[in-house]
Structure formats: structure tokens, C-alpha cells
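Notebook open, model loaded. I wanted to look up a few spots and jot down what turned up.

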Amino acid sequence: MTHRRPHDWRVPPVILVPALVGLGLLLLPMAGLLWRAPWARFPDLLISESVVTALRLSVMTATAATALSLLGGVPLAWILARSRLPGLTVVRGLVTVPLVLPPVIGGVALLMAFGRRGVVGSWLDQLFGVSIPFTTVAVVLAQTFVAMPFLVVAVEGALRTADHRYDDIAATLGASPWLIFRRVTLPAVAPGILAGAVLCWARALGEFGATITFAGSFPGTTRTLPLEAYVAIGAGDIDTAVVLSVLMIGISVTILIALRGRWMRAT
Amino acid sequence: MRGTRSLLALVGMFVTLVLWSWLGAGTSDDGVRPRPGTSADSETASGSAPDDPAGPVTVLAAASLTESFEELATELTQKYPDLEIAFSFGPSSGLVEQALSGARADILATANRPTMDVAVRGGVVDGQAAVVARNTLVIVVPPGNPGDVTGLTDLGREDLRIALCEPQVPCGSASEALFAHHDVQPAADTLATDVKEALAFVTLGEADAALVYRSDAWAAGDAAHMIQVDGAREVTNEYLAALLADAPNRRAATAVMEEITGELGRTVLEDAGFLEP
Amino acid sequence: MVRRDEFVLNVELSAEPGEVIVLLGPNGAGKSTLLEVLAGVLRPDTGRISVAGVLLDDTARRLHVDKARRRVGFVVQDYLLFPHMNVVENVAFGLRARGMRREHAQSHAIAWLERMGLEGFERRKPRELSGGQAQRVALARSLIVDPRLLLLDEPLAALDAGSRPKVRAELRRHLESYPGCTIVVTHDPIEAMLLATRVVVLESGEIVQDGTPSELARHPRTEYVARLVGLNLLRGTASGTVVEVGPHAVVAVAREVSGAVYVAFPPHAVTISTDRPVGSARNVWPGRVTDVEAHGDLVRLTIDGTVPMLADVTPVAVADLGLGPGSDVWASVKASEVTVYPA
């Protein structure tokens, strides 16, 4: 670009004042956390056993949920973006429902499906004696349920923007659909997949409502960082709750800055 | 064309929700907290006297008091039509934290003494906190008792799905004391922050057993089956209520406090499964 | 035949090996759609496609060979080199898709790149290539798998005007050495004349003319082709040396013909005067100038009248006669300048 509009620093007050109010509403709670944070005890609390256990579980489950989302979400996005199956608009709408659904409702829905008396769960229980609630698997499922739509939406967008004629050309050269997907489509949408996966991971890490409803809360098994923070508040241990909150905000901010700076622009 | 139609659908849904939420309330309002002055019953009750408590009273109350306090509010607003009681139910320590942060409330009711002590030490309580009820723990199991639970020792069985309260919250510390008393090593699968959370897993059939307050088990009705624990009455926790120092409606709040600690409060709380103080 | 919304493409075409067929036509005529059908990207609604004796599509028999198995090379306007692969990987892609081992495929690709005059570009990424280089890579990528049929969609459109003649000459050379049949889509008549052994003109989904480039240039059969090759075209009924092209409008021609015919004459054969001319020209028509525009070093007049036409005159004539839109003029053409051929 050789031509750029000169910067204009004047903002009309009609816009500036509500903008500052909006910004304050977004930033003040976070500033409040930082203000309230017990900085002197911060290092000790960060390496306290409950925090470290929750952090380890959170990183593990969020990563597993992201892997699961990639495995199912990328092909799903491909179908939504490329195929002409009937009823795709309905499927697309349903896939994005968890984005706006209260996570607690998601947790109840998961119980109805995979719980002991659930549609699939009762069947799993009878045939294999497997019960999902209260296990780490339940945490991963809850996180996947809530976070996978982020990945699907990001990858579908990338696939739509990507030129599908590359795929046609590859096909005329004799490539099989799988080879085309692997060597042509995937590299073209890799930035979109990466951005989607990071968003998905961040959302999974922050998952609370569906997890506590579907998986319960037990240290080391199902009690992730947000649940640990909730327990800390319930137990009146505000310091730990604040430390956990600051930790989560730090992770989120790092991820969003990284996404802004790199992959968002690349897609 | 299509855009206009979906916009119309959205507007239509929004209008429906608004109308429903504003006008629909009068038609099926049984069991829900009545609105003071709007209920037909209040007209037949004794008319308001000038000395009667009036105006809004805000009560911060432990989650386990939900049903009984709402019942109490119904009784009180029938008695004093000008009284408006609003509740904020939650975990006791959270409520104390709210009170300490200067929440505009008149009465604080906690599910155990240590949390109330925090509020007293913080200087937000006016005078003495009064014991209004006691609660004890019972085992709840889903209808049909799929885990064949008969007593506290069954809560140590690894093959069962057990929901308990987090030790750091009042029902959890009570549970720990009870287990210690019976020398049982519990095998919990989830530690709830809130007693309702533990109970919900039983009513949903996901947990085979949970240790909850007698009052909560009572409130669950047929959704959960109650099993008494021997010696549970030796481990009880006290429910305390206190007037807050910064109560905006001190006169009415004092009257409500008297009712809670008085005969009416006792009756309602006992009906809800609490033990007398 | 292909139906797409309102548009219907209905084409019957057969080609010999070694032929370079240029599909010429205005935008929306169905040229690219025809290529996509041949490449197997689109499926015809009804019809048959066979290449080198192999049946690729036959709707009557519900036969459709998938695009991956047709062995039809397809080079598109913007070449679509795979952006994350280097030049060698691009060219070797088709061989790798057929299961050839990497080293083997790459050495083949390198040989093809040498043939295309692209030594030293093997490790470049597509974005580091000029338009002409990218075109040659795309050609090599298609040709390396030995296609039965080669399709080129607007192969020169993405190039800047300066590099176009050189790339066009190279493309022609490469197409001459390709033994199979090539179909090139363009809307540029010069490109068509230079590349084609045969030109097929497509308008509104139908073939309107099919012939060698010189036939096309001499005997256009539609207004579109006539404009492309720069001729005035009229259709009429002939008897003797006179062709009736409209009510009260006749054109005199140099030889005797009869029946339905086309008559054509170049704009520069038209003489314009403001008074009725008294020369040897037998064709004299009154008309009115509706448009005046520069055309090379001449001025092109659009004339409306009993016989509408384009006329090229010198700027001096325009000035001397005071011509402009609305001027009433006489247009005359010598009978010897008029070509006549059966419709």
C-alpha cells in the first residue's frame, strides 16, 4: 500500500464519552482483580497444591478437547463449507448453538445424553459398565461441546475464503480426495485452523458451567481452574480465587494478543 | 425479502418474550414468591396498621434456607401487606463477602457459626447473631436406591458414585466431622461447593448417594429418598441470623428478625425439616 | 448440454489430435462452462464426451468419469499454482498423485522445467514468479501427466500487455509440440488468430461459427465475429449482382449470386460525403452519423440509415466536412470492395 490516510486524532465527544464508558465497563473488573490481587502471597499461592493440580488438569483437558475438536471439527467444517448435502443450513445453525447456549444448559444436555440415565450413557453403562460423569473424560466432553463450535466456525470461514478451484485443479491432475484434502486444502486453511484451535483451547480452558454440571468437581479428576476458583469463592478463600482469576486473564490476554498479531491477519 | 422476514421473526420473538414476562406472571403464580400487594390473598388478610413493618427488606440467606425463607416471606407479607421481602440466596461465605463489601442488605443468615463470625469480626453485624435453626446431615439416594445404601459406611464404597460437599464449605465441614465420628473414609467422586449441587446429582440419578442437610433432602420430596444416619444429631450445624449494621430499613428488618426467631419462624423452619435451635 | 439457472449451453464439437481449437465468444457465452464440463468439474445434463476414443461422459448411459481419472489437463487464467509448494513440487504433483516416488517425480519435473526454459527456478515459490513463468509452470504441471486433452482458460489474460506477445509466441511453440488436442478459451481475436488451427465461436451457449482463422477473418457469420475481425456485416437475399439487405436497401456486388447470402465490407472501404456523390460507386446510401470516435490514426463513424454501418475516415475528412453526431451524410462503397458468401 502506497497511500495512507493521515491519522485524525480528534474524536467527537458524542462518540468518545460512551466509548470510554464501554471501555471502562470492560476493563474496570480486570483492573479491580489486579488491584485486589494478594501480590505478596502471589508466588506461594501459584505453586500451592490445589492451584497446580487444577492447572495441570486444565491444560491436559483443554488440549485433549482441542485435539478432539480438530479431529471432528475440521471434517465437519469441510462438509459445511464444501458439500451440497441437503439440510446443511440447519446443521450449520445447530453447530453454532453451543456458542450462545448457557454452558450450564449444555451440561444438563450432556447429562441427558451421556449421563447414567442418558440416551447413550445408559447404553454404555449396561453394555460396558462405563459411566462418564465424574470422570476426566466428562470434563473433556464438556469442554469439547462448548469449544468445538469456535473451531468449526473459524475453519469453515477459512475454507469458504480459500479458493476451491485449487482443489479442482489438483483433481484434474489425478489426485484423490484425501490427497487433495491433505496436500492442497489443509495447507491453504492452516492459518485458519491454527487460529480456530487456539480459540478453542482458550474457550475449553475457561469452561465452567457445563463441566461442573456434567463432570462434577473433584481435585485432580474434574476440578479445573475455573472450578477451583469457584470453590475458593464458596469457601471464602478470596485470595486464591483472585490469583486463579489473574492467571486465567493472563492466559487469555496472551492468546488474544498472539492471535491478533499473527494468524488473524493471515487468514 | 428473506432478510426482512427473519428480522420480523426476531422482533416477533422479542415482543412475545416481553409480553409473556410482563403479563404472563399473574396467570400461574402458585408456589412462586408472591408480589406484595398484588396477591388477592393480601386483600382478605388483616388490613395494614400504621405501626406494621413496611417497605423493602433485603435478606442475604444461605442457599439451604431457600424454601423455608420463601415460605416465611409469604406468611409475613400476608400478615403485613406493606412489607416487601427480597432475597439473595447463595453460599454463606459468598454472602458474608457481599456484606463485607457493603452490599445494601438488612439481614444476613448463614448456615454455620464460623462464617457468621467472619461477618461479626468485620463489624458489619448489628448486635448479636441469633441461632434460628439447626440442621443435621442425612444420606440421600435416588428413588429405588440403586446403590443399596443403608448407612454411612456405604459412603466409603469405591464402586458407588458419591457426591459430598467441599470440606471448606459448611456442609462439607459438617460431613467431615460426621465421617470422623463414625470413623469412615469417604470415597467421593465430586465435591460440591453448594449442598444443592450435591443433591442435584442424586435427583438426576448420576450419583448413588450424597450427604446433604436434612432440610434440603426434605425439600427434594420424592426426587430423593432419605436415609437417617445414626448419631447424626451429635453433629449439627447452627443457622444464625443477624441484623446488619447498615440496614437501610432498620425498623422493618428488626420486625422480620423477631418473626424469624419467633414462633412463626420456628414453625416454618421445622416444617421444612430443620431442627429447633 | 448443461443447464445452469437460466443459462443453457448446447454444444456439439469434435476435434482431431494436434488441433488447437480456440473457443471465442463474448462474456457469458459459455466458454468457461464448456471447459469445466470437459474437465469434469461440471457434469453435463445431457450429452456425450469422448476423448481419443475414451468415453468420459454419456448421460444416456449414466456414465461420468471422475475429474481425477479423465486425464484432461486444465490450465486456468490465474494458473492456480499451489502457493505453499515450490515450482518443482507443483510440477511433480500429478506424478506424486499417481504414486510415483518423490525423487523420481522431481527429476521428471526438473526435465520438464528445462524444456520450458525454467532452469534455476526449481526452488522458487509461485509468488516469486512472473506471469509468463507461472504460466509455463502451470503448463508443465498439466503436461507432465500426459493428458489426452489440454484445456486453457484465458491463458494470457492475467499478463500485462508488455509481456503478452512474447508469452503468446512461447505458448504457441509449446502447443505445437503437444500431440493431443488443445482447447483454448479467449475473447481476444488476435490471440485466437495466432494460436488456433481452428476457431469455434460460441454465443449464448451455441456454436455460431466454426472454421480456420482465415475463414473467420474473411467470412464472419455473426455481428460479434464481424466486429472482432473489423467488418461491416449484412444479411440479405441475392439475385444477380444485387443483394436486398432490407426494405428499400440494396447492395451491389461484383459477382453474380443468388439466394440467402452475407455481404461484408471493411469500414475503411466506405467513402463519406455531404453531397450525393457522382462517381463510379454503385452503392450509395443516405445516413446520419450517430457516433464519432478515434480508431488508430483514423476516425470511426457509426452511421445509421437504410444500411447501418461503421466507416473509417481520416481526421482531415472529418474536419473538412464538419462531421459530428447528427450530420447527414452519403456513404458509398465500391462493389468490388464488397465480399459476398452464402449464408
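Predicted model: local features only at pLDDT ≥ 70, side-chain atom pairs only at ≥ 80, totals over all residues.

Started just past H8(A): Gly174(A) has a positive phi there, about 100°.

Backed up into the helix itself. How many of the eight residues of helix H8 of chain A are buried? I got seven, so the helix, residues 165-172, is largely enclosed by the rest of the structure. The buried ones are Tyr166(A), Asp167(A), Asp168(A), Ile169(A), Ala170(A), Ala171(A) and Thr172(A).

Next I checked what they pack against. From chain A there are helix H3 (49-82) and helix H9 (177-206). Chain C contributes helix H1 (31-39), strand E7 (72-75), helix H2 (87-97) and helix H4 (131-143).

Asp153(C) sits in strand E8, which covers residues 149-153.

Then over to chain B, with the UniProt record open. The unreviewed entry has a "binding site" annotation that covers Ser64(B), Ser92(B), Val195(B) and Tyr213(B). Why do I say they gather at one spot? Because no two of their C-alpha atoms are more than 14.3 Å apart, although they span 150 residues in sequence. Ser64(B), Ser92(B), Val195(B) and Tyr213(B) also turn up in the lining of the largest cavity.

Looked at two of these serines. Ser64(B) is in the loop between strand E1 (55-62) and helix H3 (66-79) of chain B. Its relative accessibility is 4%, so I logged Ser64(B) as buried. Beyond its neighbours within four places in sequence, Ser64(B) contacts Val195(B) and Tyr213(B), plus Ala111(B), Ser215(B), Asp216(B), Tyr239(B) and Phe274(B).

Ser92(B) belongs to helix H4 of chain B, residues 92-100. Buried or exposed? Buried, with a relative accessible area of 5%. Leaving out residues up to four places away in sequence, I listed Ala62(B), Thr110(B), Ala111(B), Thr115(B) and Pro170(B) as touching Ser92(B).

Technical notes. Residues numbered from 1 in each chain as written. Chains lettered and ligands numbered in written order. Heavy atoms only, no water. Helix = DSSP H or I, 4+ residues; strand = E, 2+ residues; numbered from the N terminus. UniProt positions renumbered as here; feature names shortened; annotations may be inferred. 1 Å grid on protein atoms, 1.4 Å probe; cavity = no way out; pocket = protein on both sides within 12 Å on 5 of 7 lines; lining within 4 Å. Buried < 20%, exposed > 50% of the residue type's maximum accessible area, 1.4 Å probe, protein only. Contact = heavy atoms within 4.5 Å.
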